[in-house]
Amino acid sequence: MPETINADMGANVWKVLVSAGDTVEPDTTVVVLESMKMEIPVLAEHAGSVTAVHVAEGSTVNAGDPLVDIDEP
């Protein structure tokens, strides 16, 4: 069952650092959000494979919006 990483706050998506099919380790930065001129890295909590990316650079997210799905091995 994939883990969905959600936005903790409303912000702009500054960078998307992963694509579907990528393998990530714990604490890998998957997305960088920007809010009030601060960059907020969003980290993977577990190792696994990225199954979906729900956002694009330049888009806006609200708290709770899905960012990335990661399927744990």
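Me: How many bridges pair β1 with strand β8, and in which sense, parallel or antiparallel?

Reply: First, please note that this is a predicted model. β1 and β8, the latter covering residues 66-71, are joined by 5 bridges in the antiparallel sense. Within this pairing, Thr4 has Asp69 of β8 as its bridge partner.

Me: What stands opposite Ala52 in β8?

Reply: Asp69 in β8 stands opposite Ala52. The pairing of β6 with β8 is antiparallel and has 4 bridges.

Me: And which strand does β3 join, and over how many bridges?

Reply: β3 is joined to β6, residues 48-53, by 2 bridges, and the two strands run antiparallel. Thr23 lies opposite Ser49 of β6 there.

Me: So what is the strand order in that sheet?

Reply: The order is β1-β8-β6-β3, an open sheet of 4 strands with antiparallel pairing. Its edge strands are β1 (2-6) and β3 (23-24), each of which pairs on one side only.

Me: Now the sheet with β5 in it. What is its order, and which strands are at the edges?

Reply: That open sheet has 4 strands in the order β5-β4-β2-β7, again with antiparallel pairing. The edges are β5 (38-43) and β7 (60-61), and each pairs on one side only.

Me: Which residue of β4 is the bridge partner of Val13?

Reply: The partner of Val13 in β4 is Leu33. The strands β2 (residues 11-16) and β4 (residues 29-35) pair antiparallel through 4 bridges.

Me: Changing topic: which residues touch the most other members of the largest nonpolar core?

Reply: Those are Val30, Val31, Leu33, Leu67, Val68 and Ile70, in a core of 18 residues. The elements contributing two or more residues to this core are β2, β4 and β8. In soluble globular proteins, nonpolar side chains tend to be buried together.

Me: What does Ile70 touch, leaving out residues up to four places away in sequence?

Reply: With those neighbours left out, Ile70 touches a set of residues including Pro2, Ile5, Val24, Val30, Ala44, His46 and Val50.

Me: Which residues does Asp27 touch beyond four places in sequence?

Reply: Asp27 touches Leu43 and Ala44. Asp27 and Pro41 are 14 residues apart in sequence, with their C-alpha atoms 9.9 Å apart in space.

Notes: Residues are numbered from 1 along each chain as its sequence is written. This is a predicted model: local features need pLDDT of at least 70, side-chain atom pairs count only at pLDDT 80 or more; totals for chains, interfaces and linings use all residues. Side-chain values use heavy atoms; hydrogens and water are left out. Two strands pair if DSSP finds at least two bridges between them. A nonpolar core is a set of buried Ala, Val, Leu, Ile, Met, Phe, Trp, Tyr and Cys residues joined through side-chain atoms within 4.5 Å. Buried means under 20% relative accessible area, exposed over 50%, partly exposed in between (1.4 Å probe, protein chains only). Contact means heavy atoms within 4.5 Å.
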